[in-house]
Amino acid sequence: MAQEIQAKTILNTVPQPDDWFGLKYSFNLYRGCQHQCIYCDSRSACYGIENFAAIQVKVNAIELLDEALAHKRILGTVGTGSMNDPYMPIERQYNLTGQALQVLARRGFPVHVITKSDLVLKDLETLQEISRRYAAVSFTITTADDALGRQVEPGAPLVSARLKAMQTLATNGILTGVTMMPILPFLEDSQENVLAIVRLAKEYGASYILPAFGMTLRTGSREYYYARLERLFPGVKEKYMHRFGLSYECSALHQKDLADAFYSECACLGIATRMPVFAPQTREPKQLRLF
Ligand code: SF4
């Protein structure tokens with residue numbers, strides 16, 4: 001059961017230039033995430049979300065977003081999908097992401113969406129409208145194997161469904177690709193898995209793949225992840241504890257070899273490992289009213 005809340009603000013300005021996605025702004029329309037990935041960083045204590053499985057809906061978000069964008073002098077990419085998935089199942093009911101995209105389209109702002117869901121297809125027409133300026137959709141894929149995906153991302157649509165959605169976006173002219181992050185040590189960091197993701201991405205119309213060769217863990221996300229590892233993959237938690245201790249960065253085994261294989265396969269298949277981004281522009285200031 002979701003809780004409806006009133007947000008105080010909705011649009012964040014990205015403090016530093018964002019190398020990955022070229023974001024200038026970001027928003028999150030919900031708190032918590034129904035996809036329940038076992039590795040999710042949003043569970044980290046630093047974010048202060050007490051119960052990540054309990055979804056809160058910012059029901060006044062659309063008005064706040066419209067108002068905030070009206071006063072922005074820098075036209076830059078607005079990102080969503082960092083703290084929760086904008087296309088988790090509850091979006092069917094509230095359509096907040098769909099409405100937010102319509103606001104961006106009307107205000108002329110570019111967008112970048114990160115998701116694990118084919119539900120994004122419901123907003124295809126709005127994305128096409130925004131893409132006259134710039135729109136990109138990145139699908140997070142960490143394993144090529146639907147069965148493993150079901151274990152580590154239990155609430156998200158299957159990897160195969162994400163790939164089909166990516167293909168539909170690509171064939172309809174939307175810039176789309178894969179965020180291959182994280183790659184879970186001991187579970188997903190085989191060359192076989194990484195190369196399979198690259199080949200599937202190519203087959204299903206990805207223009208780019210942004211890679212990570214490992215994962216991050218910190219207080220809050222680590223405890224949850226370890227508890228799930230214990231239940232799902234006996235013996236793997238002990239390997240993490242032995243290899244990483246309390247490290248924030250947990251790199252893939254044979255990280256360099258894995259990266260070499262990845263970049264070589266991408267070069268071979270002609271798939272980019274950076275995504276084209278929108279360069280921020282200054283907007284014409286609003287005409288001042290004299291009377
Ligand atoms: S989809 Fe993203 S935000 Fe949602 S649980 Fe998975 S990793 Fe976390």
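View 1. Three bridges link β3 to strand β7 (residues 77-80), and the two run parallel. Here Ser 26 stands opposite Gly 79 in β7. Strands pair when DSSP finds at least two bridges between them. Helices (H or I, at least four residues) and strands (E, at least two) are DSSP runs, numbered from the N terminus. This is a predicted model: local features need pLDDT of at least 70, side-chain atom pairs count only at pLDDT 80 or more, and totals for chains, interfaces and linings use all residues. Residues are numbered from 1 along each chain as its sequence is written. Two bridges join β2 to strand β3 (residues 23-26), and this pair runs antiparallel. Thr 13 faces Tyr 25 of β3 as its opposite residue.

**View 2. The whole open sheet of seven strands.** The order is β2-β3-β7-β8-β9-β10-β11, with mixed pairing. At the edges are β2 (12-13) and β11 (209-211), each pairing on one side only. Strand β8 (residues 111-115) and strand β9 (residues 135-140) run parallel, joined by five bridges. Val 113 stands opposite Val 137 in β9.

**View 3. An open sheet of three strands.** Its order is β1-β5-β4, and its pairing is mixed. The edge strands β1 (3-5) and β4 (30-31) each have a single partner strand, so one side of each is left without a neighbour in the sheet. Two bridges connect β4 to strand β5 (residues 56-58), and the strands run antiparallel. Val 57 in β5 is the bridge partner of Tyr 30.

View 4. Surrounding the ligand are Cys 33, His 35, Gln 36, Cys 37, Cys 40, Ser 42, Asn 84, Asp 85, Lys 116 and Ala 156. A residue counts as near a molecule or strand if its C-beta atom, placed from the backbone, lies within 6 Å of it. By class, this shell has four nonpolar, four polar and two charged residues. Nonpolar means Ala, Val, Leu, Ile, Met, Phe, Trp, Tyr, Cys and Pro; charged means Asp, Glu, Lys and Arg; the others, Gly among them, are polar. Gln 36 is in the loop between β4 and β5. Its phi is positive, about 55°, although Gln 36 is not a glycine.

**View 5. Helix α1 beside helix α3.** The axes of α1 (residues 61-70) and α3 (residues 96-107) come within 10 Å and cross at roughly 20°. That makes α1 roughly parallel to α3. Axes are lines fitted to C-alpha atoms, for helices over the stretch in contact, and angles run from 0 to 180 degrees between N-to-C directions. Angles under 35 degrees count as roughly parallel, over 145 as roughly antiparallel, 65 to 115 as roughly perpendicular, and the rest as oblique.

**View 6. Helix α8 against helix α9.** The axes of α8 (residues 221-232) and α9 (residues 236-244) come within 7 Å and cross at roughly 140°. That makes α8 oblique to α9. Tyr 226, Leu 229 and Glu 230 of α8 meet Val 236, Lys 237 and Tyr 240 of α9. Residues are in contact if their C-beta atoms, placed from the backbone, lie within 7 Å. This contact has four nonpolar, no polar and two charged residues.

**View 7. A cis peptide bond.** The bond from Met 181 to Pro 182 is cis, with omega near 0°. Pro 182 is found in the loop between β10 (175-180) and α7 (191-203).

Note on methods
Two residues are in contact if their C-beta atoms, placed from the backbone, lie within 7 Å.
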